[in-house]
Amino acid sequence: AFENKGITQVTIPSSITTIGTNAFFGSKLAAVEIPGTVTTIENSAFEQCTAWTKVTFVDPAKSGGGASTTTIASRAFASCDNLVTLKLTGSISSIGPEAFKSCGLGRVIIWGGTSSVGKDAFSMCVKLKEIVIANSSAATPGSLTGCKNLNAVHYGSDTPPSADSLPDGFPAEKLHRVNVERSVGTATCTESASIREKISCTVSTCSFSYND
């Protein structure tokens, strides 16, 4: 629809559930907010959007949208050189192969709702210095290949990510066990976790924030 067009901004309405293959490939988007109604982002949907700096996923619970999940397909955001800010949510169920390959990300939090992080999903993100993987078993072999400046991997499950999912020679002392908590749809949120995704809801309002 917008492949290689000069489009610089877009509002994706809540009526959209799928963003199709190559939909915004090579466009000039600077930032995108993806509503919680989107359940599928297909192959290369935003690949080579080299101008944009920020992608925000909105959790379905923020607008009372229920428990919908989102899958991110292969190379959906690959080669977005200037993409430095990525706000995922616990509603992301899977991240496909090479989904964020060669992006400019410096820090990433992958919440516990994500059960699969594909091969080379974050490979060659040479500016990536810190990543949180709440569910360490989600990281498949090669998911962080070539992240040569990765300085810390925080994980929230009982065992650390497997060595074959990490950059070659990544030292064990840079693996850190942390508490990662997701609290959805409750009036109050526990403050004890080291890294938290908070969605605090009341009858009339709903607020959403990342805290670490």
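Strands are runs of at least two residues assigned E by DSSP, numbered from the N terminus. In this predicted model, S157 sits in the loop that links strand β11 (152-155) to strand β12 (175-177). With a relative accessibility of 18%, S157 counts as buried, because the cut-off for that class is under 20%. Leaving aside residues up to four places away in sequence, S157 touches A134, N135, S136 and R177. With one of these, S136, there is also a polar contact between side chains, at 2.4 Å. A further pairing to look for in the structure is that of S157 with N179: these residues lie 22 apart along the chain, and their C-alpha atoms are separated by 8.3 Å.

D59 is buried, having a relative accessible area of 2%. The side chain of D59 is joined to that of T89 by a polar contact of 3.5 Å.

The cysteines complete the tour. A disulfide is a covalent bond between the sulfur atoms of two cysteines. The structure holds 0 disulfides. C80 is in no disulfide, and the cysteine sulfur nearest to its own, that of C103, is 4.8 Å away. Likewise, C103 is in no disulfide, its nearest cysteine sulfur being that of C80, at 4.8 Å.

Note on methods:
Residues are numbered from 1 along each chain as its sequence is written. This is a predicted model: local features need pLDDT of at least 70, side-chain atom pairs count only at pLDDT 80 or more; totals for chains, interfaces and linings use all residues. Side-chain values use heavy atoms; hydrogens and water are left out. Helices (H or I, at least four residues) and strands (E, at least two) are DSSP runs, numbered from the N terminus. Buried means under 20% relative accessible area, exposed over 50%, partly exposed in between (1.4 Å probe, protein chains only). Contact means heavy atoms within 4.5 Å. A polar contact is a pair of N or O atoms within 3.5 Å; within protein, one must be able to donate a hydrogen and the other to accept it, and residues adjacent in sequence count only if both atoms are side-chain atoms. A disulfide is a pair of cysteine sulfur atoms within 2.5 Å.
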